[in-house]
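Hi everyone, thanks for making the time today. Let me put the structure up on the screen, and then we can walk through it together.

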Amino acid sequence: MGYLRRLPRFEYLAPRSVDEACSVLAEHQGDARLFAGGTDLVLQMKRREITPRTIIGLKGVPSLSSIRAQAGGIAIGAMTTFGAIESSALVRERYDFLCETAAAIGSPEIRAVATVGGNLSGALPCADFPAPLMTLGAVIRLRSVRGERALALEDFFMEFAETAAAPDEILTEIELPVRPGFTGGAYVKFRDRHAMDMTTTGVAACVTWDRERQVVDDVKIALSVSGPVPLRVKNAEAFLRGQAFTENALEEAACLACQEAQPRTSWRARKEFRQELIMVLTKKALRQAAGKARAATDRGNA
Amino acid sequence: MKPLSPVSLKVNGEPYELSIPPWRTLLEVLREDLSLTGTKRSCQEGQCGACTVLLDGHAIYSCLFLAVEAQGKEILTIEGLARSAGALDTIQKAFVETGAVQCGFCTPGLIMATKSFLDENPAPSEEEVRRATVGHLCRCTGYFQIIEAILAAARERAAKGAAA
């Protein structure tokens with residue numbers, strides 16, 4: 001980490017609408033960076049890891065920071081802050097563990113500013129929001145002067161800090177589909193301190209319960225800090241589908257998840273420790289998610 | 001590259017018309033252009049909480065926030081908390097009376113965070129107070145007196161509210 005200085009010089013542009021932001025970005029392609037909350041970008045700039053000529057600030061585009069109900073699911077604007085997600089009744093009602101995930105990021109001061117879109121677009125393996133959103137089948141919307149396209153969130157992360165967004169595209173919205181049947185989700189993470197710390201390893205799970213057969217109907221599992229990008233562990237998921245929720249099944253799923261992950265050694269943790277964490281946290285996330293799904297079947301409401 | 005942008009800031013109720021470069025943080029502008037040095041500069045990387053101010057009522061780290069992006073928002077710093085000279089805010093009084101101030105460097109940030117927190121959650125549990133202050137480092141007190149001060153401030157504010 002370099003010495004923290006003042007910010008390097010840049011030109012600052014503040015578009016007022018998504019259309020304007022798209023054309024400004026198209027004009028400055030290559031030497032401009034989109035600036036959301038800035039809690040990460042300001043640090044990268046102070047450390048001179050990046051020195052963009054132009055900063056395109058998105059805080060003045062109101063349409064990007066709404067949370068709305070949509071076809072049984074919800075759509076979250078990319079500029080929505082974690083604080084807004086944490087306190088959203090709509091998010092809590094439909095995807096409660098997203099509120100819990102948001103509430104465990106940074107501090108209230110960070111959450112008042114940091115955004116979901118920034119967390120995804122930074123494409124860092126330690127970001128907490130990609131994994132839970134991936135287990136919900138999130139679809140993102142990318143806009144540019146050329147038009148709009150939708151992309152499954154799991155196809156967005158290409159490599160460390162690299163996304164599938166073209167240089168002229170802006171992430172505008174994250175869509176979460178309606179959750180089928182009796183579903184529960186959880187995101188559990190390990191970190192050295194209980195607050196203000198980067199995640200060492202995290203696991204998200206979303207379980208749909210088959211009430212008639214008393215087995216896992218569907219499951220999605222995604223990992224943070226377990227490879228260069230946030231990743232789904234599809235062998236573990238495939239194994240669990242149709243299984244009764246036994247300790248043996250959990251153990252086997254956790255082993256499969258561990259085999260699919262590619263954690264590395266960093267100053268924060270050794271590879272072997274991360275593998276151990278993936279085992280423990282996968283089981284923990286699955287237990288919590290399945291517990292919520294089964295509680296929903298007990299209440300009889302989908 | 002335009003070196004200076006005209007920026008209108010509203011700080012502690014006072015309007016300021018400034019001409020500042022866009023790469024200046026809100027912390028730098030408060031301290032260096034407006035001489036409001038109650039807001040402290042310490043880690044400058046969003047870890048310590050010393051630079052906390054309120055932006056439209058929400059506590060934020062001013063070291064991570066561009067001053068140009070504070071345009072049109074209400075900024076409240078420690079200087080604006082007490083209504084008049086010599087009269088301390090309830091939260092400030094609680095910090096003094098509880099012994100939550102030693103060297104005092106983290107105090108303005110913690111008091112501003114407390115203001116935002118109690119405005120939202122007037123009757124918090126101790127656990128909630130601990131969670132609300134995770135973004136603040138204090139190297140003197142060991143935090144116990146700070147947590148006590150915040151709980152005392154909540155009680156005092158509730159008593160005042162009930163009396164009014």
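Let's begin where the two chains meet: the contact takes 22 residues from chain A and 25 residues from chain B. Before I go further, please keep in mind that this is a predicted model.

Stay with me on the chain A side for a moment. The elements giving two or more residues to the side that touches chain B are strand S1 (11-13), helix H2 (41-46) and helix H6 (108-111) of chain A. Which of them gives the most? That would be H6(A), with three residues. If you sort the chain A side by residue class, you find 13 nonpolar, five polar and four charged residues.

Now let's look inside chain A. Chain A is divided into domain 1, covering 11-56, domain 2, covering 64-176, and domain 3, covering 182-297. I'd like to focus on domains 2 and 3 of chain A, whose C-alpha centres are 20 Å apart. Domain 2 of chain A puts 20 residues into their contact, and domain 3 of chain A puts in 23.

Who supplies the domain 2 side? Helix H5 (96-103), helix H8 (130-135) and strand S8 (157-159) of chain A each bring at least two residues to the side of domain 2 that touches domain 3. H8(A) has the largest share of that side, with five residues. By class, this side of domain 2 of chain A has 13 nonpolar, four polar and three charged residues.

Helix H10 (residues 247-260) and helix H11 (residues 271-299) of chain A pack at an angle of about 135 degrees, and their axes are 9 Å apart. That angle makes H10(A) oblique to H11(A). As for handedness, H10(A) passes H11(A) in a right-handed crossing.

Which residues make this contact? From H10(A) they are Leu250(A), Ala253(A), Ala254(A), Ala257(A) and Cys258(A). From H11(A) they are Gln275(A), Ile278(A), Met279(A), Thr282(A), Lys283(A) and Leu286(A). In terms of class, the contact of H10(A) with H11(A) has eight nonpolar, two polar and one charged residues.

A quick reminder for anyone new to sheets: strands pair through backbone hydrogen bonds, and the pairing can be parallel or antiparallel. Back in our sheet, strand S3 (residues 52-55) of chain B and S4(B) pair in the antiparallel sense, over four bridges. If you'd like a spot to look for, Val53(B) stands opposite Ile60(B) in S4(B).

How is chain B divided up? Domain 1 of chain B runs over 5-80, and domain 2 of chain B over 90-163. Taken over C-alpha atoms, the centres of these two domains are separated by 22 Å. Their contact draws 15 residues from domain 1 of chain B and 14 residues from domain 2 of chain B. We meet our two strands again here, as S3 and S4 of chain B each supply at least two residues of the domain 1 side. The largest share of that side comes from S3(B), with three residues. The domain 1 side of chain B has seven nonpolar, seven polar and one charged residues.

One more helix pair, and then I'm done. The axes of helix H2 (residues 90-98) of chain B and H3(B) come within 10 Å and cross at roughly 130 degrees. H2(B) and H3(B) are therefore oblique to each other, and their crossing is right-handed. In this contact, Ile91(B), Gln92(B) and Phe95(B) of H2(B) meet Thr107(B), Ile111(B), Thr114(B) and Lys115(B) of H3(B). Sorted by class, that contact has three nonpolar, three polar and one charged residues.

How values were computed. Residues are numbered from 1 along each chain as its sequence is written. Chains are lettered from A and ligands numbered from 1 in the order in which they are written. This is a predicted model: local features need pLDDT of at least 70, side-chain atom pairs count only at pLDDT 80 or more; totals for chains, interfaces and linings use all residues. Axes are lines fitted to C-alpha atoms, for helices over the stretch in contact, and angles run from 0 to 180 degrees between N-to-C directions. Angles under 35 degrees count as roughly parallel, over 145 as roughly antiparallel, 65 to 115 as roughly perpendicular and the rest as oblique. A crossing is left-handed if the near helix is turned anticlockwise from the far one by less than a right angle, and right-handed if clockwise. Two residues are in contact if their C-beta atoms, placed from the backbone, lie within 7 Å. Ala, Val, Leu, Ile, Met, Phe, Trp, Tyr, Cys and Pro count as nonpolar, Asp, Glu, Lys and Arg as charged, and the others, Gly among them, as polar. Domain bounds come from an automatic or database domain assignment. Two strands pair if DSSP finds at least two bridges between them.
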